[in-house]
Amino acid sequence: MYVKECVKDILRIGGRQGRLPYLRLDMNENPEGLPAEFVERVKAELTPEFFAAYPEPERFLETLSGYLGVGRENLCVVNGSDMAIRYLFEIFGRPGSSVVTVSPTFEMYRINCQIFGLNHKPVSYNPDFTLDFEKVLDAITDEVSIVSVLNPNNPIGTAYTEEQFEQIVSKAAQAGALVIVDEAYHYFYDKTFLPLALKHDNVVLIRTFSKLFSLAAVRLGFLVGNETLIHYVWNVRPTFDTNAVALKFGEAVLKEPGLCERLTAIEREGRRYLIDFLKEHNYEFFAENGNYAFIKTKQPPAVVKERLEEKKILIKTYGQEMLKDYVRISTGSKQVMERFANALLEADR
């Protein structure tokens, strides 16, 4: 029986199960979720007839078009940004070519390189967590078909300037490569490359509803780009890629007056509290641009993680040499950050 050779030895680590009873600060979710009243109001519209019908994405897409101020023809909705990445690799990953990313970054870029038999070409951060931008440009050569730009990047939170982005796009165009702009953490950062994604013929932007909009469970994301590139994605996308519950909640989130601003303000207040706490207790940390903080613990991270888990709090640790002394936590409301801070004082001593 034929098996695609490049997928045989991929090591995939499944997500932890049974997380709901914990304070979940390990996967960059909103720890508290959407307002309960809002959720109940949308749930009331989920009738038996609703569940019996196949998903219809057009209402969501029209709402999203108005929300972003872009044409409907420039949008494609998908089953979470993971699937957006998968489709783009499937379409634009030239066989035998390379994919440029920074390192560390979101692991699914490396995994998709393995799935599609592409060469991963990571540009490593410096030991002080700065990035040599010229090395990124130098990595974009003729054998590259995709360049990944996470803005801001996870886990460290660095971001590109508009000038740097334009240089990446220009170098990628010379190589005949697509630039993927991953804005999963856009709403925690004041800038966007969305207008540039529409300006250039070799750029596609990805966003998700899993972070600020708190819909990780239903899997909802979308792509923005010029009409031709988006048409290619619709060509490979399954007919019913995105489920109707995700579309219903996504549309309701976009239409709810002031919800985005409210969620953003709650997270920013919590992040400010956490930053003040970390400074007061002499922690080395990065907490810029995303809904996460990267903290150098005083005790070994594995010890801190285990002690916090005993307090029903989940955090993220790393095996990579550059990151092994750090933990990453999701940021949330001031109340959530107070609970974490108090637990950290006990766990990290």
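Pro104 is placed in the loop between strand E3 (98-103) and helix H5 (108-115), helices (H or I, at least four residues) and strands (E, at least two) being DSSP runs numbered from the N terminus. The model is predicted, so that local features need pLDDT of at least 70 and side-chain atom pairs count only at pLDDT 80 or more, whereas totals for chains, interfaces and linings use all residues. Residues are numbered from 1 along each chain as its sequence is written, and side-chain values use heavy atoms, with hydrogens and water left out.

The peptide bond from Ser103 to Pro104 is cis, with omega near 5 degrees. A cis peptide bond also leads from Asn154 to Pro155, with omega near 20 degrees; Pro155 lies in the loop between strand E5 (144-150) and helix H7 (162-175). Positive phi values occur in Asn28, near 60 degrees, and in Lys312, near 65 degrees, each being a residue other than glycine. Most residues other than glycine have a negative phi, and most peptide bonds are trans.

Lys312 is found in the loop between helix H12 (301-310) and strand E11 (313-314). With a relative accessible area of 35%, Lys312 is partly exposed; buried means under 20% relative accessible area, exposed over 50%, and partly exposed in between (1.4 Å probe, protein chains only). Asn28, in the loop between strand E1 (23-24) and helix H1, counts as buried because its relative accessibility is 1%.

Ser330 lies in strand E13 (residues 326-330) and counts as buried, at 0% relative accessibility. Not counting residues up to four places away in sequence, Ser330 touches Arg24, Leu25, Asp26, Met27, Asn28, Glu29, Asn291, Tyr292 and Met337, contact meaning heavy atoms within 4.5 Å. The C-alpha atoms of Ser330 and Ile315, 15 residues apart along the chain, are separated by 7.9 Å.

A polar atom of the Glu183 side chain lies 2.7 Å from the backbone nitrogen of Phe193. Glu183 is buried, with a relative accessible area of 1%. Its contacts, neighbours within four places in sequence being left aside, are Asn151, Thr192, Phe193, Leu194, Leu205, Ile206 and Arg207.

Helix H10 (244-255) has 12 residues and reaches 17 Å from its first C-alpha to its last, close to the 16 Å expected at 1.5 Å a residue; the expected span is 1.5 Å times one less than the number of residues. At the N-terminal end, H10 is capped by Asn243, a side-chain oxygen of which lies 3.0 Å from the backbone nitrogen of Val245. Because 11 of its 12 residues are buried, H10 is largely enclosed by the rest of the structure. The cover over these buried residues includes helix H1 (36-43), helix H2 (48-52), H3, strand E2 (75-78) and helix H11 (259-280).

H10 also gives the most to the lining of the second largest pocket, with four residues. This pocket has a volume of about 250 Å³. On a 1 Å grid over the protein atoms alone, a pocket is an open set of points with protein on both sides within 12 Å along at least five of seven lines, and lining residues have an atom within 4 Å of a point. Grid points are joined across faces, edges and corners, and the volume is the space filled by probe spheres set on the points. Phe50, Ala53, Tyr54, Pro55, Glu56, Arg59, Phe60, Ala244, Leu247, Lys248 and Glu251 form the lining, to which helix H3 (58-68) and H10 each supply at least two residues. The lining divides into seven nonpolar, no polar and four charged residues, where Ala, Val, Leu, Ile, Met, Phe, Trp, Tyr, Cys and Pro count as nonpolar, Asp, Glu, Lys and Arg as charged, and the others, Gly among them, as polar.

Ser65 is likewise placed in H3 and counts as buried, at 11% relative accessibility. Neighbours within four places in sequence aside, Ser65 is in contact with Val70, Gly71, Arg72 and Leu75.

Terms used:
1 Å grid on protein atoms, 1.4 Å probe; cavity = no way out; pocket = protein on both sides within 12 Å on 5 of 7 lines; lining within 4 Å. Polar contact = N/O pair within 3.5 Å; in protein donor to acceptor, adjacent residues only side chain to side chain.
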